[in-house]
Amino acid sequence: MYTMSSDDFSVHLRECDEVGSGIPLTSLPDEVTSLDDLPCACWDKFESLDEVE
Ligand SMILES: [Zn+2]
């Protein structure tokens, strides 16, 4: 599960501290094609987007 910030529509891991209250997502948006599209530090533990899915 992921969370989209209602402030800037950035996508985060559900447990991310940065996102605060947001919109739950069951999958990543189609616009997200690489980890570069996920700038938050909560994604740093992944080496590539393949590991996220
Ligand atoms: Zn985050």
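Before I name any elements: helices (H or I, at least four residues) and strands (E, at least two) are DSSP runs here, numbered from the N terminus. With that, reading from the N terminus on, the chain goes β-β-β-α. Its radius of gyration is 10 Å, close to the 10 Å that the globule rule gives for 53 residues, so the chain is as compact as a globular protein of that length. For the record, that radius is taken over C-alpha atoms, and the globule rule is 2.2 Å times the number of residues to the power 0.38. Along the principal axes, the C-alpha trace spans about 25 × 20 × 15 Å.

Two housekeeping notes. This is a predicted model, where local features need pLDDT of at least 70, side-chain atom pairs count only at pLDDT 80 or more, and totals for chains, interfaces and linings use all residues. Residues are numbered from 1 along each chain as its sequence is written.

Now the sheet. I'll say two strands pair if DSSP finds at least two bridges between them. What we get is an open sheet of three strands in the order β2-β1-β3, with antiparallel pairing. The edge strands, β2 and β3, each pair on one side only. As for the twist, it averages 35° from one strand to the next; axes are lines fitted to C-alpha atoms, for helices over the stretch in contact, and angles run from 0 to 180 degrees between N-to-C directions.

How many bridges join β1 to β3? Four, and those two strands run antiparallel.

Next, the turn. β1 and β2 make a hairpin with five residues between them, and Phe9 sits in that loop. Most residues other than glycine have a negative phi. Phe9 isn't a glycine, yet its phi is positive, about 65°.

Is Phe9 buried or exposed? My cut-offs: buried means 20 or more other C-beta atoms within 10 Å of the residue's own, exposed means 12 or fewer, and partly exposed is in between, with C-beta atoms placed from the backbone. Phe9 counts as exposed because it has 11 other C-beta atoms within 10 Å.

Two aspartates in loops are worth a look as well. Asp17 is in the loop between β2 and β3, and it's exposed because it has 10 C-beta neighbours inside 10 Å. From Asp17 to Ser27 is ten residues in sequence and 19 Å in space, C-alpha to C-alpha. Asp36 lies in the loop between β3 (22-25) and α1 (49-52). With 9 other C-beta atoms within 10 Å, Asp36 is exposed too. Asp36 and Ser48 are twelve residues apart in sequence and 9.6 Å apart in space, again C-alpha to C-alpha.

Last, the whole-chain numbers. Buried residues make up 13% of the 53. For contacts, I mean two residues whose C-beta atoms, placed from the backbone, lie within 7 Å. Of the contacts with a separation of 6 or more, 25% are between residues 24 or more positions apart.
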